[in-house]
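Work through the exercises below with the sequence and the model side by side. Try each task before reading its solution.

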Amino acid sequence: MDFSLNKEQLDLQKAAREFAKGEFDMELARELDAKHEYPTKIWKKAGELGFIGLHFPEKYSGMGYGVLENILVAEELCRGDSSIGACMVLAGFASEIVLHFGSDAQKEKWLPQVAEAKTLSAGAFTEPGHGSDITGMDTTAVLDGDEWVINGTKIFITNGNLAGFFCTLCQTDPDAKPAYRGLSMILVEADREGVSTTSVGDKLGIRMMDTAEVVFKDVRVPKENLIGVEGKGFYQVLEFFDESRILIAAQALGTAQGALDRAVEYVKQREQFGKKLAQFQITQHKLADMATKVELARLMTYKAAWNYDQGKIDPKLTSMAKMFAARTAVEVADEAIQLLGGYGYMREYDVERFYRDAKITEIYEGTKEIQKNTIASSVIGKLK
């Protein structure tokens with residue numbers, strides 16, 4: 001059993017770290033956070049350098065890496081800045097559905113655009129009346145000749161207002177029992193007539209990231225826009241979640257490490273009662289607890305990524321990684337604020353933004369309660 005990264009992985013990790021240090025300007029980050037603006041220029045630069053879609057095959061403008069390499073980059077970007085990093089990490093959100101299940105034509109058209117930062121992608125799953133329950137959808141797709149006619153509303157869609165296309169979960173067979181067997185995934189281009197998007201408004205965190213309500217009103221797309229096989233949409237989403245939850249775990253891990261980095265830097269400089277904060281045992285114990293939690297989250301996240309790259313889909317492990325890393329991000333960012341005291345509560349010291357950004361990792365891609373359901377189901381097994 002080898003826990004070390006190879007040279008290529010270390011070089012990739014270092015490159016991502018240097019990119020974050022060179023491009024993630026903190027003054028700009030605070031400005032974009034306040035204005036709720038997407039870091040477009042940095043996203044374009046990240047695409048030019050190959051940090052987006054690096055797990056795509058080279059023929060689709062990727063680098064042919066696996067999930068482990070992808071999450072190494074994600075961790076470093078979110079460590080550099082929790083907000084800008086999250087935008088980079090999720091710039092290609094749900095494009096993996098096209099990668100794994102799409103037709104050759106769909107892959108050839110859309111994946112290079114995502115990898116080259118020419119378009120953002122989005123997954124239109126969550127609905128106002130369903131939330132975490134995706135076993136049935138109010139959004140319907142009816143085949144009319146050679147076209148699907150789509151009607152419905154999606155909410156909390158990452159990249160919603162800016163995306164070039166949506167991987168949209170629709171009910172194509174309303175009579176299916178159970179309902180999830182009648183779900184299909186359909187690619188809907190954002191510029192189709194009848195597609196409209198609206199910002200969900202102010203958010204606690206990830207304020208740079210675009211989050212929208214998406215409405216489909218008699219939207220017509222060619223039947224060839226079906227992704228994969230009709231009636232398999234639910235299963236496609238579940239498999240996608242097993243990959244994307246590792247990515248969110250890496251986002252949380254990077255956010256936690258970034259908060260810890262800033263806390264360490266502060267306590268080594270700040271003096272109270274005649275000595276550095278870092279010299280107080282209570283400070284040292286806090287840092288020890290924070291560092292231990294981060295390392296535990298890292299081990300679990302890396303294992304989940306490695307496991308996925310071996311072709312093993314383990315929902316229990318990916319849920320554990322996501323749940324634990326997310327909780328770690330929230331707790332470590334909270335302690336970072338505590339160590340900085342009043343300054344930690346101020347925008348200019350960034351840990352308050354890391355704290356705000358951390359919370360979303362316990363909510364999207366399945367709440368921590370959903371992760372516990374998945375873990376418990378695996379632990380208990382089938383009941384007689």
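Buried means under 20% relative accessible area, exposed means over 50%, and partly exposed is in between (1.4 Å probe, protein chains only). This is a predicted model: local features need pLDDT of at least 70, side-chain atom pairs count only at pLDDT 80 or more, and totals for chains, interfaces and linings use all residues. Residues are numbered from 1 along each chain as its sequence is written, and side-chain values use heavy atoms, with hydrogens and water left out.

**Exercise 1. Classify the accessibility of Lys276 and name its salt-bridge partner.**

Solution. Start with the class. Lys276 has 27% relative accessibility, so it counts as partly exposed. Next, apply the salt-bridge rule: a side-chain nitrogen of Lys or Arg within 4 Å of a carboxyl oxygen of Asp or Glu. The partner is Glu271, with the closest N and O atoms 3.5 Å apart. Glu271 is also partly exposed, because its relative accessibility is 47%. Finally, the total: the rule gives 27 salt bridges.

**Exercise 2. Which residue forms a salt bridge with Arg17, and which helices does the pair link?**

Solution. The residue is Glu76, and the closest N and O atoms are 2.9 Å apart. The pair links distant parts of the chain: Arg17 is in helix α1 and Glu76 in helix α4 (residues 67-80), 59 residues apart. Compare the two ends. Arg17 is partly exposed, with a relative accessible area of 28%. Glu76 is buried, at 2% relative accessibility.

**Exercise 3. List the members of the salt-bridge network that includes Arg327.**

Solution. The network joins Lys293, Arg327, Glu331, Lys359, Glu362 and Lys368. The general principle is brief: side chains of opposite charge can pair when their charged atoms come close.

**Exercise 4. Describe how helices α8 and α10 pack.**

Solution. Take the geometry step by step. Axes are lines fitted to C-alpha atoms, for helices over the stretch in contact, and angles run from 0 to 180 degrees between N-to-C directions. Helix α8 (residues 233-269) and helix α10 (residues 315-340) pack at about 20 degrees, with axes 8 Å apart. That makes α8 roughly parallel to α10. Angles under 35 degrees count as roughly parallel, over 145 as roughly antiparallel, 65 to 115 as roughly perpendicular and the rest as oblique.

**Exercise 5. Locate Gly131 and Thr367, and state whether each is buried or partly exposed.**

Solution. Gly131 is in the loop between β1 (120-124) and β2 (140-144). At 31% relative accessibility, Gly131 is partly exposed. Its C-alpha atom is 9.4 Å from that of Gly366, 235 residues apart along the chain. Thr367 is in the loop between α11 (351-359) and α12 (368-380). At 19% relative accessibility, Thr367 is buried.

Key: Helix = DSSP H or I, 4+ residues; strand = E, 2+ residues; numbered from the N terminus.
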